[in-house]
Amino acid sequence: MTKRLYIFDTTLRDGEQSPGVSLNIHEKLQIARQLAKLGVDIIEAGFPFASEGDFRGVQAVAREVRGVTVAGLARANFQDIDRAWEAIKDAEQPRIHTFIATSDIHLKHKLRKSREEVLEAAAAAVARAKQYTSDVEFSAEDAYRSDPDFLCQVLAVAIKAGATVLNVPDTVGYATPDEFGAFIRKVYENTPGIENVVVSVHCHNDLGLAVANSLAAVQNGARQVEGTINGIGERAGNAALEEVVMTLHTHRERFQLETRIVTEEIYRTSKLVSMLTGMSVQFNKAVVGKNAFLHESGIHQDGVLKERTTYEIMNPAMVGITDTNLVLGKHSGRHAFRERLAELGYGLTAEELDKAFVRFKELADTKKQISSEDLEAIVEEQIRQVPVTYELDYLHIFSGTTVKPTAVIGLLIEGEFLQEAACGNGPVDAIFKALEKATGTRHDLVSYVIDAVTGGTDALANVTLKVSDAQQKVFTGRGISTDVLEASARAYINVLNKIVFDQKTRKQD
Ligand code: KIV
Ligand code: ZN
């Protein structure tokens, strides 16, 4: 008989802990809405005690996103738990997720607590959380490197105090599949009361085994898997949920487990997360990489043309990769534009549609054929952005092998026109300097990535950059254009708008 497996998504919490990733409240909401569409069971929206921004992000998700459990993370102390509850209390199904480390190495060097103290803290934390909500998850951080007997003792105490989900993380990604599977079995056999709760696993990917370890745990009775979209997260990341789900689906006869995931939403979710976090997906990444369904060798192409399953174990349509060659051009009207977006799964408001249509027309003037990928890039660039303080009016560049690169930029600052010019090492440097002069700001460029949305020399350039402010907070910006320099300017302006928005929201606190 097919049993249910719960999918716990922590893209907004562990995923946001990826180095250089910082999402604002709009971005968190955008991802959370898409996760709900994808059909995850639980969205861990953040760590409310960590910062005011985190608190607001979790609260916004809890208040707005429906049809899914919203979890807030809390260490095993009352302050964290009270704050987590405050943030999630308006969720349709709120969950408090509290944790404490159980390995000797963490007890000795990090917590400086005895085993007895950890047992007490775990029981007290779960009991406190239970006063607020019936849905309480307890995690034993670094469980896999803990003494199994002590771990089972802590888990038993958590069950007694009212935990409904017990999470057994491989926090440092140390496990191998057979050993992790056996470990989960042992936990089942030695924890009184475990048959009444859901056992969860949370695997990190330091050895590239997070997905394999999660699946081994599932084969040994785990009924919740925690992970992130595209596998982002601390260090080498977490288990990639899209890989877990598609393995369960591809081998459904063997696993006999069912999830609520709408697999056709996988690709869109992956792209959204990649765009908003600024973490590109490697081309050969399983399930969602650009090359995951491409066939290069003649023999393979011939085979797939004759029968798809000769070289494809999954149908790309199943993960939402549709191969439609329908393109739009500068003569396409609003109606066709709206229809095409609807086919791609975008239901825009009239205002969003207007904005996207204006940008589509601008781009269609310089690029003859606008493909589905271009349309997606346009929509993602235009809609649901932070409020616009700075807007590009025009850009002139002087550059070449024998001239000093110079940028002249026309900028609208809250509607007021300003012109500024600057020289730089290269044209991009000149643009950024001109923008800094015009806005009176100075930031460190952390990374600058440019890629083409499609093939062809007239492809849209997609620039993603990260800058850090005086507090070392990292912001991600993105701009597209057929002109790489204009795309660079747009990406920098996008970042500046995000920084202004962040400053304004912090002032309100
Ligand atoms: O990796 C880990 O152990 C965690 C816990 C907080 C669940 O992220
Ligand atoms: Zn983790």
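Which residue in the turn of the β12 and β13 hairpin has a positive phi? Keep that in mind while touring this predicted model.

**Stop 1: the barrel**

Select β2 through β9. Eight strands form a closed barrel in the order β2-β3-β4-β5-β6-β7-β8-β9, and the pairing is parallel. From one strand to the next, the twist averages 25°.

Now zoom in on β7, residues 165–170, and β8, residues 198–203. These two strands run parallel and are joined by six bridges. Pick proline 169 and look across to β8: its bridge partner there is histidine 202.

**Stop 2: helices on the sheet**

Next, show helix α5, residues 115–132. Helix α5 lies across β5 (93–101) and β6 (136–141), and runs at about 170° to β5.

**Stop 3: α1 against α2**

Show side chains at the contact. From α1, select Ile25, Lys28, Leu29, Ala32 and Arg33. From α2, select Asp54, Arg56, Gly57, Ala60, Val61 and Glu64. Color by residue class: five of these contact residues are nonpolar, one is polar and five are charged.

**Stop 4: the antiparallel strands**

Select β12, residues 406–413. This strand is mostly covered, with six of its eight residues buried.

On one pairing, β12 meets β11 (residues 390–398) in the antiparallel sense over eight bridges. Pick histidine 396; its bridge partner in β12 is valine 408.

β12 also runs antiparallel to β13, residues 416–423, and eight bridges join the two. Here isoleucine 409 stands opposite glutamate 420 in β13.

Now the opening question. β12 and β13 form a hairpin with two residues between them. In that turn, select glutamate 414: its phi is positive, about 45°.

**Stop 5: helix α16**

Finish on α16, residues 427–439. This helix has 13 residues. From first C-alpha to last, α16 reaches 18 Å, close to the 18 Å expected at 1.5 Å a residue.

Which residues of α16 are buried? Select Ala430, Ile431, Phe432, Ala434, Leu435, Glu436, Ala438 and Thr439. Then step on to glycine 440, which follows α16 and has a positive phi, near 65°.

Conventions
Residues are numbered from 1 along each chain as its sequence is written. Chains are lettered from A and ligands numbered from 1 in the order in which they are written. This is a predicted model: local features need pLDDT of at least 70, side-chain atom pairs count only at pLDDT 80 or more; totals for chains, interfaces and linings use all residues. Side-chain values use heavy atoms; hydrogens and water are left out. Two strands pair if DSSP finds at least two bridges between them. Helices (H or I, at least four residues) and strands (E, at least two) are DSSP runs, numbered from the N terminus. Axes are lines fitted to C-alpha atoms, for helices over the stretch in contact, and angles run from 0 to 180 degrees between N-to-C directions. Contact means heavy atoms within 4.5 Å. Ala, Val, Leu, Ile, Met, Phe, Trp, Tyr, Cys and Pro count as nonpolar, Asp, Glu, Lys and Arg as charged, and the others, Gly among them, as polar. The expected span of a helix is 1.5 Å times one less than its number of residues. Buried means under 20% relative accessible area, exposed over 50%, partly exposed in between (1.4 Å probe, protein chains only).
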